[in-house]
Amino acid sequence: MRTVILDSKEENIVRCAEHIANGGVVAFPTETVYGLGADAFNPDAVREIFRVKGRPSDNPLIVHVHSVRGVREVAEIVPPLAEKLMSEFMPGALTLVLKKKKDLPDCVTAGLNTVGVRMPSNPVCREFLRACNVPVCAPSANTSTKPSPTCARHVYDDLYGKIPFILDGGECEIGLESTILDVSGASPRLLRAGGISLQALEKACGRNIEVVGGSTVALCPGMKYKHYSPKAEVLFSAYYGGMSERIDEVYDTLVLSGKRPVILCADFNAKKYGERKKYEMGADYEAYARSLFASLRRADADGYDTVLAEGVPSDGIGAAIINRLVKSSGGKII
Ligand code: TXA
Ligand code: MG
């Protein structure tokens, strides 16, 4: 099968939506990362996603909807707290875990009695979802274990020959996946840090939110898998006063042992690393988040064998950056 990247003109959006309606699988843009979508009510199409991605079948998919009506098509109960969060953060980078409707196929939710639902804000995505006219379930459109794709080219590199169409919406604005909040139980629980900060959610909820990401039990099934890994080894520094000196020290030791490291750093820290190889990640942490996955892929393409990533403060988007770096480094903190 040839894979083609289609630009986002209307006829291409319609063509992709028709392919979904016919039981096919299409990669599409969102403001977080690209998704690999199928009609959530077509079990054969859903199973094709797992096959194409090489995804374990016990890892559930997020359902993408165009409107609140779509949320009600897949969720049995939408509690008042969910309503409030929907009015504040949808469309946007928030996935809510809700009690699922019985007729939503079990393969979407990996047999769980809950479903993750998200309403993306990316305009191309919204047009696509409207044209599909069915809820579209989708994981990130990378091969399992690879960094998530933040542009059409990343999807092409991972999935060429496995899907017919990649709908091109340009570079993802946020660049890290959605925040996952479980509101199916008595109190809200954060399952994955992402594009919407914990602080913003707590403000909207008017209460503290329990963060369960650090738990040893994989509540969000995806948390137990190897993730976001380029070929290069990723080492990640904690964020503290002596961070750049420590990174320099590790860099120099690696070079002496014949390695080819590259540093990921904020623009304002770049000078501290002198002539050492580095990718400047941008002027703020939103920019760092936006270019993180692309930089991990670029390190492989540029022939580096080790990525030394600067740590960031843990508030705002920082929590999501830290979470992805911890995972892609397999917890190798320097
Ligand atoms: O930004 C995003 O969320 C992107 C775009 C494409 O929407 N999607 C994404 O999907 O990151 P994926 O499959 O790479 O990650 C989804 C995560 C997995 O860790 C999965 O275990 C979790 O969501 N998840 C899905 N349904 C769930 C549920 N009912 N309960 C708990 N976790 C769930
Ligand atoms: Mg993923």
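Trainee: Is the crossing of α10 and α11 left-handed or right-handed?

Mentor: The crossing of α10 and α11 is left-handed. The term applies if the near helix is turned anticlockwise from the far one by less than a right angle, and clockwise would be right-handed. This is a predicted model, in which local features need pLDDT of at least 70 and side-chain atom pairs pLDDT 80 or more, while totals for chains, interfaces and linings use all residues. Residues are numbered from 1 along each chain as written, chains are lettered from A and ligands numbered from 1 in written order, and side-chain values use heavy atoms, without hydrogens and water.

Trainee: At what angle do helix α10 and helix α11 pack?

Mentor: Helix α10 (residues 285-301) and helix α11 (residues 318-328) pack at about 25°, with axes 10 Å apart. The angles run from 0 to 180 degrees between N-to-C directions, with axes fitted to C-alpha atoms. The helices are DSSP runs of H or I with at least four residues, and strands are runs of E with at least two.

Trainee: What makes α4 oblique to α8?

Mentor: The axes of α4 and helix α8 (residues 198-205) come within 10 Å and cross at roughly 125°. That value makes α4 oblique to α8. The crossing here is right-handed.

Trainee: Which peptide bond is cis?

Mentor: The bond from M90 to P91 is cis, with omega near 5°. P91 sits in the loop between α4 (80-89) and β5 (94-99). Another backbone value to note is the phi of N133, near 65°, which is positive in a residue other than glycine. N133 belongs to the loop between α6 and β7 (136-138). Most residues other than glycine have a negative phi, and most peptide bonds are trans.

Trainee: How many residues surround ligand 1?

Mentor: There are 26, the closest being T32, N59, H64, R118 and S178. A residue counts if one of its heavy atoms lies within 4 Å. β6 gives the most to this shell, four residues, and β4 (62-64), β6 (114-118) and β10 (189-192) each supply at least two.

Trainee: How do you know that R118 makes a polar contact with ligand 1?

Mentor: An N or O atom in the R118 side chain is 2.7 Å from an oxygen atom of ligand 1, and the cut-off for such a pair is 3.5 Å. The N59 side chain likewise places an N or O atom 2.7 Å from a ligand 1 oxygen. A polar side-chain atom of T114 is 3.0 Å from a nitrogen atom of ligand 1.

Conventions: A polar contact is a pair of N or O atoms within 3.5 Å; within protein, one must be able to donate a hydrogen and the other to accept it, and residues adjacent in sequence count only if both atoms are side-chain atoms. Angles under 35 degrees count as roughly parallel, over 145 as roughly antiparallel, 65 to 115 as roughly perpendicular and the rest as oblique.
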